[in-house]
Amino acid sequence: MYLGIDIGSSSSKVAILNARKELAATDVVNMGTGTAGPKAALENALRAAGAAREDIKYIVATGYGRINFGEADQQITEISCHAKGVSHLMKDVETVIDIGGQDAKVIKIGKDGKVKNFVMNEKCAAGTGRFLEVMARVLGCRIEELSDLAERSVHDIPISSVCTVFAESEVISRLASGAAREDVAKGAHNAIAKRIMGMCSRVGYEPLLAMTGGVALNRNMVKLMGIELGQPVIAAPYPQAVGAIGAAVFAYEKSERAAERAAEA
Amino acid sequence: MENKITSKQMLADLLDSHYRSALEAKAAGKIVAWATSICPQELLETLDIDVVYPENHAAAIGARKHASEFIEQAEGTGYSSDICSYARVNLGYADIRHSEAGDIPMPDLIFCCSNICNTVIKWYENLAKTLKIPLILFDMPFNHTFEIPEHSVAYMRGQIDHAICKLEEITKKRFDYDKFGEVMELSNQTCEWWKKATDLAKAEPSPLNGFDMFNYMAIIVCMRGKKEGREVFRLWHDELKEKADLGIGPWKDREEKYRVMWDGIACWPHLSVTYKTLKKYGINMVTSTYPESWNILYEKNDRNGMAAAYSANYANRNLDYGTGNVIKLVRDFRLDGIIYHSNRSCKLMDFRQYEVQRRIEAATGVPSVIFDGDQTDPRVFSEAQYETRIQALLEMMENNKAERQEQCKNSKRA
Amino acid sequence: MQEFKESMKALQAAALHPGKTVRLSMRETGREAIGCFPIYTPDEIVYAAGYLPVGMWGGKTQIRLADKYLQGFCCSIMRANMEFGLQGTYDFLKAVIIPAFCDTLKCICENWKVAVPQIPAIPMVYPQNRKLETGFRYLIAELKRVKKEIEGIKGAEISEAELEKAFRIYEEYRAVMRDFVKASAVHPLTVSPVARHLIIKAGFFMDKAKYTALVRGIVEGLQALPEEKCRGVKAVATGLIGEPAELPEIFGENGICIAADDFAQESRQFRVKGREEGSVWEKMAYRTVDQEGCTFLFDEEKPKGRMLIRMTEETGAKAVIVCMMKFCDPEEFDFPVIKEELEAARIPILCLEIDQQMDSFEQIRTRVQSFVEMLNEDVI
């Protein structure tokens, strides 16, 4: 079996592929690099796949914590892994929008899941999951409820501030002047969609577009992203684990190649 | 019955015809130039070249709340969100070429003067390159000394002469020096009337509400070398004079309680809210650094004088000049406070603002606040922050007023 | 052989400890020092006056005092210079020359006069219309004015002969540096990206005559070695600076070889050779006239994109790395234009937003590694 582990700043994700390159298990633990998260995700996934540590032939680590994960046979960036993971799961996707807690990235992929080009957000929370977290807090709801809340919106309220701090005060004053929470929630989603749109233009996006990362679990965000881009956008299956799945695919391919080379020799 | 037109109507008509005639000129195959706001437009006017001013157009787009589309376009092609938003709006417009807020013809010539900043050099350089059209640059070295150095004047004079040759080449026309003299004279007169009109805000109460000045600024930018420009300011002056003589203040429905200066460019996308917040408290913006910026005076036919006058713009001068200028405004206009706009677009103004604020406060004791905003990027402004800062200023001004009244009372008793 | 490697090590160490290096240079030469702000300053005049010109390209520090003068969206180099000035780090300098190449520099110079009054500021404004006769004459007048100001500080005149001698020393320095970047390009393993950067940077803190001799030794050492093959991605780098040092270190870790650079802090300082004709003043002025593709010097043609493409062709580089200094307006304006030209020429670009004070490199590391993975399938 082949294992990919994606160690982010606030969560750890593991995917395991079987010998037929099929997904055997995935697991997500909401603790990131420097915590017990990676180990827990690893153990959970092994258990779910009904495998032991010795059954794993190859491990590829990705994510910010990839360098500090001692057990990996190789480390590859999450950019390459997301491209690989998406193309493994959905053949026709050419552009990946990944929105995580701290980072947002847009990746253009070529055939076999190779990266053609990519952009990442600048050092600012605007356009990332963090922005939605702040908005959820101001609106007094859980992050999971934000999507449903926005869905019920009837008026468009633009949230124009890019800076998260400004946006927060903008939202508070909107609410104070009587705006509906639903409309403000939708405004926050649209603000992110606009930021991501800018990144998509910079990289030169092509259909089909898929979304990955925790924010892809937010149905409304996916929908509004599609409206902003004027193209259908679909959420990838296992959106949080796509990086780990890509890493597992790399692990599979690496191991295969090594085996081929050994056979030739 | 005599149908008397007001300066406000005239302003609207003139701006309308300014843009319309530029579009018509372009359609008729004439040369159209894009130019920076304080450039030696006398040369273009002499050669009868139609000019539009991207800064003014960008401000109009911003004020009509259409800036986002162009900003997003520019950022999509790789422009950083940290650069001047006038530039981002204009560079976005150069791609999209249409705005609900009004259109301008695409240029055949770029006319750039660095007396307002070095940023315009980069911005216009990009326009010239992507549109593949010639650029005439007037490089006006920043004046680190109080006076304009002689070798700078010689350099700028040389550039004016060079520009004349280049313009003759481009237009295939002979430069008419007699007409040049006339345009110089007219431009000086327009500036004088602009200054005289805005100076009327010294009256207490001020007949002028400074946000109106922001509107009239479009004409001093776009029509400085035209008779109509001069006439509108003369008319505006007369109207204000009449009001001042009658003791009429800036608003019909509210009294002028406090008089402040606005430092920096307006927040065009939030013009209404920035204005209403002030008016609510009876705070009238009576002046800014702008009246002086277009007070470009020199002797007719004196090209060295002309060069020096253009170089002497506030933005191109050292801190001592800047401070002295504001101190004078505080005294002449009897200001109660100052509002500094920390404008994310304009590093040249921002990075002197803290020191200017300190010095003005030390010299005059007038309270002030700084708020964060941007001239056209609607995303960089927080209504809540603005309101809080204005309230803080109000409290300081109230305290000062109370103290002054107390002092007067005490002096009487003694 | 061993000797040139020792020199390489010594220069890298020198660049990592500017304060110590400058003090040592002052002691060795008996010269006092004058600070020279980015982008260009007439160092020859400073040198001819008997001072040690010291490059002032910021550095790592905690920004506390500079906030009195500058908002947070000011470029990190200038904030750092202001901070060091206020902290008293520069108090040993006899003066600083601050050229007005951008709006931020204009303000920095004005603030400096107030904030750091103990170190006199010598403002300088280079002409943007440098290719016009009037601009050329102005530049010479400006150079002569700066000379007068330095003479005022020195309390003695600078002779034409001294200036000519200084110009020759600087021309030699520049020639040797051009050789150095060429030699490093074909020895990317011996001269890693970070070594290359630090060796070039050391020149800002040392006596140029002594420094040039050391670099010449390195060049000769390198030339005696067989050429080395780049195992990763060969790239041309551009931007204001390629700092902090962690940045070229990350390049090295990921197998990036610097085939050539267009950094303001590196090659732009020495890539222009002086002309043979004219007085020493004209020769100095011509170097500004002849500089091509510099973000800070007006050029209607904007040849930077073409220049970068040519540099990749000449060196066989596969990519261009843009180190984008956050809040550097001029560089940020150039980017979309060069991006379009490079894309049309099918040259991959990696744009990294940098800040001299940054201390978290995870995102940059990911971007660099991803870029290498993208270009070099062998690595994955």
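The second largest pocket of this predicted model has a volume of about 980 Å³. Of the 49 residues in its lining, Glu55(B), Asn56(B), Ala59(B), Tyr86(B) and Trp268(B) are the closest to the centre.

**Lining of the second largest pocket**

- The lining of the second largest pocket comprises 30 nonpolar, eleven polar and eight charged residues.
- In chain B, the helices α1 (7-27), α3 (54-63), α6 (119-131), α9 (210-222), α12 (290-293) and α15 (347-364) each contribute at least two residues to this lining.
- The greatest contribution to the pocket lining is that of α1(B), which provides eight residues.

**Cavities**

- Eleven cavities of 30 Å³ or more are found in a search of the whole structure.
- The largest cavity has a volume of about 390 Å³, and of its 26 lining residues, Tyr40(C), Thr41(C), Arg174(C), Gln269(C) and Arg287(C) are the closest to the centre.
- At least two residues of the lining of the largest cavity come from each of α3 (43-48), α6, α7 (160-185), α11 (267-270) and α12 (280-290) of chain C; α12(C) gives the most, with four residues.
- By class, the lining of the largest cavity has 15 nonpolar, five polar and six charged residues.
- The second largest cavity holds about 200 Å³ of space, and 20 residues line it, with Cys102(C), Thr104(C), Phe296(C), Cys328(C) and Pro330(C) nearest its centre.
- Elements of two chains supply two or more residues each to the lining of the second largest cavity: α6 of chain B, and α4 (76-87), α5 and α14 of chain C.
- The lining of the second largest cavity divides into 13 nonpolar, three polar and four charged residues.

**Interface of chain C and chain B**

- This contact involves 52 residues of chain C and 48 residues of chain B.
- About 4,500 Å² is buried between the two chains, with carbon and sulfur atoms giving 60% of that area.
- Within chain C, the residues that lose the most area to chain B are Gln71(C), Phe73(C) and Phe333(C), which together account for 17% of what that side buries.
- Six salt bridges are found across this interface; in the one between Glu125(B) and Lys302(C), the closest N and O atoms are 2.6 Å apart.
- On the side of chain C that touches chain B, α5 (103-115), α6 (133-154) and α14 (329-344) of chain C each give two or more residues, and α14(C) has the largest share, ten residues.
- That side of chain C has 25 nonpolar, eight polar and 19 charged residues.

**Interface of chain B and chain A**

- Twelve residues of chain B contact ten residues of chain A.
- The two chains bury about 900 Å² between them, 57% of it on carbon and sulfur atoms.
- Glu72(B), Gly76(B) and Arg379(B) supply 49% of the area that chain B buries against chain A, more than any other three residues.
- No salt bridges are found across this interface, and one residue pair is in polar contact, with both residues at pLDDT 80 or more.
- The side of chain B that touches chain A draws at least two residues from each of α4 (67-76) and α16 (383-413) of chain B, and its largest share, three residues, comes from α4(B).
- By class, that side of chain B has four nonpolar, four polar and four charged residues.

Conventions
Residues are numbered from 1 along each chain as its sequence is written. Chains are lettered from A and ligands numbered from 1 in the order in which they are written. This is a predicted model: local features need pLDDT of at least 70, side-chain atom pairs count only at pLDDT 80 or more; totals for chains, interfaces and linings use all residues. Side-chain values use heavy atoms; hydrogens and water are left out. Contact means heavy atoms within 4.5 Å. Buried area is the accessible area (1.4 Å probe) that two parts lose on being put together, summed over both. A salt bridge is a side-chain nitrogen of Lys or Arg within 4 Å of a carboxyl oxygen of Asp or Glu. A polar contact is a pair of N or O atoms within 3.5 Å; within protein, one must be able to donate a hydrogen and the other to accept it, and residues adjacent in sequence count only if both atoms are side-chain atoms. Ala, Val, Leu, Ile, Met, Phe, Trp, Tyr, Cys and Pro count as nonpolar, Asp, Glu, Lys and Arg as charged, and the others, Gly among them, as polar. On a 1 Å grid over the protein atoms alone, a cavity is a set of points where a 1.4 Å probe fits but cannot get out, and a pocket is an open set with protein on both sides within 12 Å along at least five of seven lines; lining residues have an atom within 4 Å of a point. Grid points are joined across faces, edges and corners, and a volume is the space filled by probe spheres set on the points.
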